[in-house]
Amino acid sequence: MNARSDLTGYAELHCVSNFSFLRGASHPEELVIQAAALNYHALAITDECSVAGVVRAYSAIKRHKLKLKLIVGAEFSVNEQFKIVLLCPSRQAYAELCTLITEARRRCDKGHYQLFSNDLIPLKHCLLLWFPTGQYRQDSQTGRWLKSHLNVPMWLACERLLAHDAQQHLACCHKLADKLNFSTLCSSDVHMHEQNRQPLQDILTAIRLGTTVQSAGFALYSNSERYLRPREKLAKLYPKAQLEQTLEVANQCHFCLSQLSYEYPAEVVPQGYSAQSYLKHLVELGKAQRFKDGVPSSVSELIDKELALIFEQQYEYFFLTIADLVRFAKSQHILYQGRGSAANSVVCYCLEITAVNPTKVDLLFERFISKERNEPPDIDVDFEHERREEVIQYIYQKYGRHRAAIAATVHSFKFKGAVREVGKALGFAPTQLDFFIKNINRRDKQQRWQEQITLLGLDPQAPLSRWFIALVEQIIGFPRHLSQHVGGFVIAKGPLHELVPIENATMKDRTVIQWDKDDIETLKLLKVDVLALGMLSAIRKAFGLIAQHWQHHLCMASIGATGDDPKVYGMLQKADSVGVFQIESRAQMSMLPRLKPRNYYDLVIQIAIVRPGPIQGDMVHPYLRRRDGLEAIEYPSNEVKSVLERTLGVPIFQEQVIKLAMVAAGFSGGEADQLRRAMASWKKTGEMTVFRHKLIEGMTTRGYSADYAERIFKQICGFGEYGFPESHSASFALLAYVSAWLKYYYPAAFYCALLNSLPMGFYSPSQLIQDARRHNIEVLPIAINHSQNDHTLVRQTQPNNRDNDSHGGYAIRLGFRLVKGLSSQGIERLMARRPKDGFSQLKQVQQSGLTRPDLAALASSDALAELAGNRFETRWQMMTTEHTLPLFAELEPAQEHLSLKPSEIEDLIEDHQSTSLTLKRHPISILAEQQRLQHHVKASELSACRHKSVVTVIGVVTGKQSPGTASGVTFVTLEDDTGNINVVLWQGTTRAQKQPFLTAKILQVSGIIEKKDEVIHVIGGKLTDLTHLLEGFSAKSRDFH
Amino acid sequence: MLTWLYLHFPSLQLDAIQAQKTAEQNDDSHQTPLIVLDPKQNQVCQLNQSAFEQGIRLNMGMATAASLCADLSLVAYQPHIDETRLKELAQWLYQHIADIVICPPKGLALKVSNMLSLYGSFEHYWQQVVSVLIQQQVTFSAALAHNIDAAQLLAKSGQCPLSHDPNEVSRQLECLLVEQLPLAATHVEQLHRIGIKTLGQLLAIDRRSLGKRFGLEVLSTIEAIKRKQQRPVVFYQPPEHYSQYLELFHEVAQAQVLLFPLKRMVKHMSLFLQKRDQEIAELTLTLHHRDKQLHPDTSIIIGSSGGEYRFDQWMTLIGLKVERLNLAAPVVGLTISSGQMLDKQCHNTELLTSSNSKMSNNQLISRLQAKVGKAHICAMTLQADHRPEFAFDYTSELKPQMPEPQPLPGPRPLILLPEAKPVTQKYQLLHGPERIRSAWWSDNAVYRDYFIARDPHGAICWLYNEPGGSWFLQGYFC
């Protein structure tokens, strides 16, 4: 027997993780790994009034197969007077704890809690540890109260942390235990897994108190004893009996998180049905609806197979819950679309969760829901962004607030926050920290930030600088606070607060649970994602306009059912996709002429391929070459062929990567699932290295070349957190197709609906309107007697000659919603007071009860042009209140005219200021006419220029983008009166000409034309800032980083 | 009549830094881009030529400025530096020019009309002003106008050449942009939106119509610019100091003898202070010797803790210093000059306290400091620091009310050795360990286990050992 086994066993029962925000200095994972390494028998994670960290600890124990018992508990400060820990021996105790935490949290603002001693009285099942303060009189009062009022087993916990008063404290504890008849045990108030986290713990304390470590004084702990101490050391510090008592308590704890079984809300199944029979019933109904001409036998078979799988996995309630939500949305005419691993099934098609017709696109349900991969089914439902709240309210109303809550999102320290807060806690000047933050380029792959920061003036030799760098690295990824997930709901059968604590979110009347989506996934709870999507609002509005003006009643499924329309794809192949969902960005646009989508599945690929994942994994070019027949398609094996065939042998979707790991490297379903999770966060956690060996070895033993295996691994890493799943892309592709179809056949309705759904998408109103006009849609200005709040369609008096396909004859009348500074109440009042035949005098508008700022905004927008003179004069008139008083109402306004008339450029500037767009001439054409620009090539003329020829272009800067995927390259979009010009600037160019690059609003670029397929770029050389030509011009460029 | 010359100093803090750098390096050819940053707005508020050349502009956000120029130095704006510099400039100019008005934070207004008879012409006057400013190495812009507000606007705009033709000045004023006027941003925006861009356009509008729409603030701003007569202003007065020189009738070789003439001088000073209801905390006594080459003047600084004006108090303090003097050479003259003049504080004026025998704490401290030197009188303070040697501190900054000390973290010895000594004998450990591991961020990190112990003589001591195993004695409990 070695010496170690002579030691008494130990269970640490008091340990906070970094989910006790700004207190704990170790991740839950680190704590359990270290506790297991020290041969602790058990570890209780007892975060302060929280169980937010326990799931991570639980999953780490499972993942690393640790021999350690995890105890769930929480620490509380009661009445802000004494400290206790509650531990959960059983499921009932766990429910008690969650309820108690919920109570204590719900009475306070986000992030705080308040627990009163009376809250403890109802406890029946928890175990209680009490930590005396060392003030005997006060402690004996507390102890007496605990003994006489509470009905749970309790212990007095002694903690020897080698503080100055350790001996008195210990004596006090013993006296209390004696007098009040408490059993004693020992614990260590653990705040970190290793002693060397003390600096970080001090920094966290300083951040919490808003001070620096130098001046935090006695608020910092005096030593680093609050760590997981080796058992040899504990044996010296504590009597054997106390150590044994910890084991005794641990042995009473039988609760494990795996016992949490989620129970589905029962009300989705009506009386007389079982969940299975009801789901079957709904699918039958849907089948008849969806397949009016009879259900093909292949579809019937597929449905049976899918239902069998659903029943086997017991997911019927999940599908029914979502079916119920979309039924509500449908009844309210809220447009929606499901996506995710299970959404693209025939069952979901029949339940009308998705409008993607699976028979048209040959998607296999099994591809998305897989028994062996052991993932819970994932269905996200997007709703119209302006109406999602109605769906959320429906959930609360149907299930009650005690049964439905939103999942949490854990906000962690990111680089910038880490630099700022650690720097402040170390006493660096805020301006210096700002300087570091603004000048460090985290994308720079050549130079790590640690090197860059020394170039910015941080002395790398100074000890404080070294601490700074080390602590910033340590704190990144530390949780900071919980906030609400974008739309993930957890709905339970019984009270949710017996499953997980609920706390307040920042938003009024919103509550979040203490777990995030990973935790929920770990515990196999189901969540329903209720998301908001702007494009759905736009599509619904377009449908509305089409029904109103053309009497055509469309829906997404019906457009999807028309099949792949070559005319619509023809438009997309020309990169004519402004406003089209997902494929309107510049990067997407430049891919369209190369990929030339011809059918629905091409769109699915197009959406997924222009992503950082495939780009960084270098999958785009091989795919294009193979598609063009320039490169042979080879598969190293039939298994690989089965996975990659539909994407020509190149992995493009996240699902393919996972499947590849399974078929080629022999990963089990569970391992593949771990790989999927590791992929999402490998940059943060570096967990991928664990898989590298396994993947490469797995592949080589199965006969793949090491080279091929290495390439696959690189592609997986490249995918990283940006890998796009096919199951989402398939749903997005439908929205892309529907929006493209609308753009082609009903362009006026399409642009009008888009404009009415802003803010959304990629383009500003100005850009959308210019695109509309380039498509021969007439756009009419805002006019006091003709505009509504929204933009509207009006019959054109003289229809343009348009090709027969599109439904022309309508112009867009801009609405008042575009006028900056005009309140919605003002618009309402204006609409209510507008006479049937319109206002005939300015005076009437003034007397319509609008406020002075509203009137001024209206005047500046030139909406009053038909009643009055120029906008300067009108605004001047609108600035007095005299005429609104009844006494003066009949008087003619005094003759107080301004003699100022706006010039064409002033008009343009005013247009931009009050509506952010102009229908008048483009600034570039005004400047050109005034002969203030040198000879240049217009956007529309670029296609006639030769490849590699030298050109000068001039335009308004409307976008700047430096994607992380292209090192150092910036894409600038210039706009002139004929269209957009795509300029590519290399790092050298931008570095040497920072001033024009960073600040110009009107930019002249001399450079060389690059043409490939139908994609035209100008590679910029000399940049000239011409902003001074238009003083006061304020076009907003949209900058992406 | 253009009676006011306004000098605008856009970058006083930056100029001060540049001047210092130039003096240190003796070379200003290599100017690096430098900006002064307003930390509140996070915007550039002063910049040098080199930064300007890199494309940096005033009011630019720091992010943009930093990305335009990689080797940018930046300094946080400290308003008090500008303020002090402005006063100094006034003082320098005052040596040549009367009638100066300080217009904080960045300007001086000079009334030209009164000085022209002295200088003969504006050109001469202007040359004098410029020579002072050049010598002071400040960046400035200047303008002449009929009142301070107008001159200030022109000077601040920094675009117009200095003119003393009234018509030209009017024209320059009319060209000013509305955003250059001291108007609220909302008003400027409103004016732009009705097409009014310049002061000229604004002045052309009927006063009443304008007032109806823009209210009093805009009107009064315009009035202030148009006003022919300057509003009453407070002219700059150099600060008063007490200074008195006394030539002795005969050379004095013994310090004691100096006390007699000093009595008269101090009495005079005391009267001076009393009349102004002021007091001083410090005075300089200068002893002048015959041969200045051989024996430069001896200066003695005498301080009182807290302000004092009374003759006998000062006399006592001076007496203490002078008695201990060894004169290097006979004295032929004496100067007393006061330090900063302070408004008199209310001292204890209780009706029935007998004053002669009692000394206030302040007085006691002053006397002790005068006797043994300021550095030797200290107070003990406690710092919130886990490290024992940093938990106690001495300060010679004595204030009448010392703050309450923080409670000690644990049992601490009354006598702490200046430096811990290695342990050389046997001790009996009584209590401990108390582990202190702290201050990893400093050069004086500690990692120690402290014990209370008894030495062979029975003294209760404070010992610690370090991870290496060595033991030290750091203090004694009494």
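**Figure 1. The loop that holds P759(A).** P759(A) is found in the loop between α35 (747-756) and α36 (765-774) of chain A. The model shown here and in the other views is predicted. The peptide bond that runs from L758(A) to P759(A) is cis. Its omega is near 0 degrees.

**Figure 2. A cis peptide bond in chain B, between P104(B) and P105(B).** For the bond joining these two prolines, omega is about 5 degrees. P105(B) sits in a loop of chain B, with β5 (100-103) on one side and β6 (107-111) on the other.

**Figure 3. E352(A), a residue other than glycine with a positive phi.** The phi value of E352(A) is near 60 degrees. In chain A, this residue belongs to the loop between α13 (346-350) and α14 (358-361). Is E352(A) buried or exposed? E352(A) has 20 other C-beta atoms within 10 Å. A residue counts as buried if 20 or more such atoms lie within that distance, so E352(A) is buried.

**Figure 4. Q137(B), in the loop between α6 (122-135) and β7 (141-145) of chain B.** What is the phi of Q137(B)? Phi is near 55 degrees, a positive value, and Q137(B) is a residue other than glycine. Inside 10 Å, Q137(B) has 14 C-beta neighbours. A residue with 12 or fewer would be exposed and one with 20 or more would be buried; Q137(B) therefore counts as partly exposed.

Methods. Residues are numbered from 1 along each chain as its sequence is written. Chains are lettered from A and ligands numbered from 1 in the order in which they are written. This is a predicted model: local features need pLDDT of at least 70, side-chain atom pairs count only at pLDDT 80 or more; totals for chains, interfaces and linings use all residues. Helices (H or I, at least four residues) and strands (E, at least two) are DSSP runs, numbered from the N terminus.
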